[in-house]
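This briefing covers one protein chain, grouped by topic. Terms are given with their cut-offs where they come up.

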Amino acid sequence: MKKLWKGYLKTSLILKITVALVLGVVTGLVFGESASALTPLGDLLLNLLNFLILPLILFTLIVGVNQTQLSSLGRMGGKTFLYYTATSAFAIVVGLTVATIFSPGTGLSLPNETFEAPENPGVISVLLNIVPSNIVTAFSEYNLLGIIFTAIVFGIAISYLRSSSEHQALGEQVYNVANGLNEATLTIMKGILQYVPIGVFAIVANTVGSQGLNTLLELGNVVAVLYVGIAVQIVIYILLMLAFKISPKAFFSQARTPMLTAFVTQSSSGTLPITLNAAKNLGVSKSLYGFSLPLGATINMDGAAIRIAVSAVFAANVVGEPLGLTEMLMVVLVGTLASIGTAGVPGAGIVMIATVFAQLGLPMEAVALLTAIDALVGMGATMLNITGDLVGTKIIDQTEKKKGAQTA
């Protein structure tokens, strides 16, 4: 048993996750709905990952702010927000183009049941939540934007104390405590990573067992078109990396682990600990990835943007009224805002789709049809979401290093 355990620890994480993925599919197909007995193992993985989100964001950001100049932090923040907004809008264009070419939904009919969409909090509400009225509530409800704001404010305050003549010693003490807690969190993360393959196996087995292949076959055209759009977007990421002289091979060697984890868990926030670890291994500045990745997990949704576009074209084709140029432009505008406005809401993908459908006058019954393949499309969309976060973070880091070299 000791040798087996040592061998397991020495095996690369990506190989363990890949094997778990394959075994999960086989188990789900063989045992069907009985595979739901493995659900607690999958839930444990999600709990462990969520357990780390708060300390990772808090301590990584506090330490990161204290390792860079405040002017640099503002500049990086501007670049990050610009990148996230631009790529989300572009992803919708990609989704519309691919969906228009393949025309999913032609020949299908709407279901009889109606669908009531969860309430969309809107962009203004999300922006106001950046400043939490209660820190404890922000932490307990996992308000990521509120936690990021809190961490930055305290990080700046600690940086000010360290630079003041009156409270320098006190500032250093507080910083050392935060730095120590950050290292402790990273140590805990290393242990949790060893459990990831077991959780992945359980989640995949349960998903395949409950969904089966019938759902995939019934709406296979929609799923196929979505994954074509995802593939096109990944090609665009590769071209962007090449333009900024980033090796795609080196990037994906580290990014593939969080990509696979996001694919299985369908949670950008839940994958955050693994995404942060990948950014660290890619050599990205801690002051950057500690800010950009938690923000990206909340507002940057390239995969969800493609999903919105494909879903809109699908619904229009189902009712026999294909989208015109004006409607497509409306999808780009509303879809980009919706991808920010529904950040952190459970079932965010369905909320975003329902929001766009309501704006365009598309039938909500089509949303009910799309919920049947929610898990299948959610996997690919979430995987693309965190890939976009990492690509943007690496590109911004590259521009910051180039600027530093020119200054020097």
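Axes are lines fitted to C-alpha atoms, for helices over the stretch in contact, and the angles between their N-to-C directions run from 0 to 180 degrees. Helices (H or I, at least four residues) and strands (E, at least two) are DSSP runs numbered from the N terminus. The model is predicted, with local features needing pLDDT of at least 70 and side-chain atom pairs counting only at pLDDT 80 or more, while totals for chains, interfaces and linings use all residues. Residues are numbered from 1 along each chain as its sequence is written, and side-chain values use heavy atoms, leaving out hydrogens and water.

**Overall**

- The secondary structure of the chain comes to 19 helices and zero strands.
- Buried residues (under 20% relative accessible area, with exposed over 50% and partly exposed in between, for a 1.4 Å probe and protein chains only) make up 52% of the 408 residues of the chain.
- Of the contacts (heavy atoms within 4.5 Å) with a separation of 6 or more, 84% join residues 24 or more positions apart.

**Helix α8 with helix α13**

- Two packed helices are described by the angle between their axes and the distance between the axes.
- For α8 (residues 168-193) and α13 (residues 272-281), the axes come within 11 Å and cross at roughly 110 degrees.
- That angle makes α8 roughly perpendicular to α13, where under 35 degrees counts as roughly parallel, over 145 as roughly antiparallel, 65 to 115 as roughly perpendicular and the rest as oblique.
- On the α8 side L186, M189 and L193 take part, and they meet P273, I274, N277 and K280 of α13.
- By class, this contact of α8 with α13 has five nonpolar, one polar and one charged residues; Ala, Val, Leu, Ile, Met, Phe, Trp, Tyr, Cys and Pro count as nonpolar, Asp, Glu, Lys and Arg as charged, and the others, Gly among them, as polar.

**Helix α11 with helix α15**

- The axes of α11 (residues 220-243) and α15 (residues 302-318) cross at roughly 140 degrees and come within 10 Å.
- The two helices α11 and α15 are therefore oblique to each other.
- V222, V225, L226, G229, I230, Q233 and Y237 of α11 meet D302, I306, R307, V310 and F314 of α15.
- The contact of α11 with α15 has eight nonpolar, two polar and two charged residues by class.

**Nonpolar core**

- A nonpolar core is a set of buried Ala, Val, Leu, Ile, Met, Phe, Trp, Tyr and Cys residues joined through side-chain atoms within 4.5 Å.
- The largest such core has 116 residues, of which L96, V200 and F357 touch the most other members.
- Helix α3 (residues 39-65) gives the most to this core, with 13 residues.
- Not counting residues up to four places away in sequence, V200 touches I17, A20, L21, L45 and V264.

**Single residues**

- V63 is in helix α3 and counts as buried, at 0% relative accessibility.
- Residues up to four places away in sequence aside, V63 touches Y175, A178, N179, N182 and K286.
- V63 and K286 are 223 residues apart along the chain, and their C-alpha atoms are separated by 8.1 Å.
- T39 also lies in helix α3 and is partly exposed, with a relative accessible area of 24%.
- T393, in helix α19 (residues 374-407), counts as buried at 1% relative accessibility.
- Leaving aside neighbours within four places in sequence, T393 is in contact with Y84, V284, L288, Y289, S292 and L293.
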